[in-house]
Amino acid sequence: ADVFNSYWGYDGGGHVEYIQQIYEEDRLPNMEENYLAWHEPAFYFSYSTIGKIFNLVYPSDFSVVIKFLQIFSAMLGVLMIWLVYKIAQQFSKNKNVWLVAVFSSGLLSVITETTNYLTNELLLAFLIILLFYYFIRFSKKGWNFKRVLVISILSGIALLTKLSALIFIL
């Protein structure tokens, strides 16, 4: 988090300012305030909330909160790789397959690049992998109302993170 500046990422400054607007003013920005204001709000609300919780535990200025959110993004990337490992276990009993899945997923740009910055693509990727994991598990166990509800809620959150989730959900 000390090496990478969040403003260097994909639309980095816009993402940081969107989070900051919610963090400081408890409201969404409009198009005059932020060119990313048309983005779906789930990522920005969740990161703003996580930042506020961090600030309650460790009172600090917003620049420190941003660094913490970068570390949180890196942890989310690690969790994504763990989910890939769990998915690989569903498809194969061969430990070498698990290793290849983990290693190759760790090289994907969605993990290597976006975990360094604050961007909604990382949260979307996490939610899509989580949806895929639960879809596999629920398909093996059998579907019921509770499982359909979990998939529906995760799909809704993914769509509220970035509309391109529709490509994966359909």
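Modeller: H2 and H6 are roughly perpendicular to each other, a label used for angles of 65 to 115 degrees, with under 35 called roughly parallel, over 145 roughly antiparallel and the rest oblique. Their axes cross at roughly 100 degrees and come within 9 Å. Axes here are lines fitted to C-alpha atoms, for helices over the stretch in contact, and angles run from 0 to 180 degrees between N-to-C directions.

Colleague: Which residues of H2 and H6 make the contact?

Modeller: Phe43, Tyr44, Ser46 and Tyr47 of H2, with Asn120, Leu122 and Leu123 of H6. Contact means heavy atoms within 4.5 Å. By class that contact has 5 nonpolar, 2 polar and no charged residues. Nonpolar covers Ala, Val, Leu, Ile, Met, Phe, Trp, Tyr, Cys and Pro, charged is Asp, Glu, Lys and Arg, and the others, Gly among them, are polar.

Colleague: Before we go on, what sort of model is it?

Modeller: It's a predicted model, where local features need pLDDT of at least 70, side-chain atom pairs count only at pLDDT 80 or more, and totals for chains, interfaces and linings use all residues. Residues are numbered from 1 along each chain as its sequence is written, and side-chain values use heavy atoms, with hydrogens and water left out. Helices are DSSP runs (H or I, at least four residues), numbered from the N terminus.

Colleague: OK. What angle do H2 and H3 pack at?

Modeller: About 115 degrees, with the axes of H2 (residues 42-57) and H3 (residues 62-91) 10 Å apart. On the H2 side the contact uses Tyr47, Ile50, Gly51, Phe54 and Asn55. They meet Val64, Val65, Phe68, Leu69, Phe72, Ser73 and Leu76 in H3. Those contact residues divide into 9 nonpolar, 3 polar and no charged.

Colleague: And which residues of H2 are buried?

Modeller: Ala42, Phe43, Tyr44, Tyr47, Ser48, Gly51 and Phe54. Buried means under 20% relative accessible area, exposed means over 50%, and partly exposed is in between (1.4 Å probe, protein chains only).

Colleague: How far does H2 reach from its first C-alpha to its last?

Modeller: H2 has 16 residues and reaches 23 Å, close to the 22 Å expected. The expected span is 1.5 Å times one less than the number of residues. H6 reaches 31 Å with its 22 residues, close to the expected 32 Å.

Colleague: What about H3 against H6, what angle do they cross at?

Modeller: Roughly 25 degrees, and the axes of H3 and H6 (residues 120-141) come within 10 Å. That makes H3 roughly parallel to H6. The crossing of these two is left-handed. Among the H3 residues in the contact are Leu76, Leu83, Ile87 and Phe91, and the H6 residues include Leu122, Phe126, Ile129 and Tyr133. By class, the contact of H3 with H6 has 16 nonpolar, 2 polar and 2 charged residues.

Colleague: Switching to the loops: where is Thr115?

Modeller: In the loop between H5 (109-112) and H6. Thr115 counts as buried, at 11% relative accessibility. Its C-alpha is separated by 4.7 Å from that of Ala74, 41 residues apart along the chain. Leaving aside neighbours within four places in sequence, Thr115 is in contact with Gln70, Ser73, Ala74, Gly77, Val110 and Leu122.

Colleague: What does Gln21 touch?

Modeller: Asp26, Arg27, Leu28, Pro29 and Glu33, not counting residues up to four places away in sequence. Gln21 lies in H1 and is buried, at 11%.

Colleague: Last one: is Leu154 buried or exposed?

Modeller: Buried, at 11% relative accessibility.

Conventions. Left-handed = near helix turned anticlockwise from the far one by under 90°.
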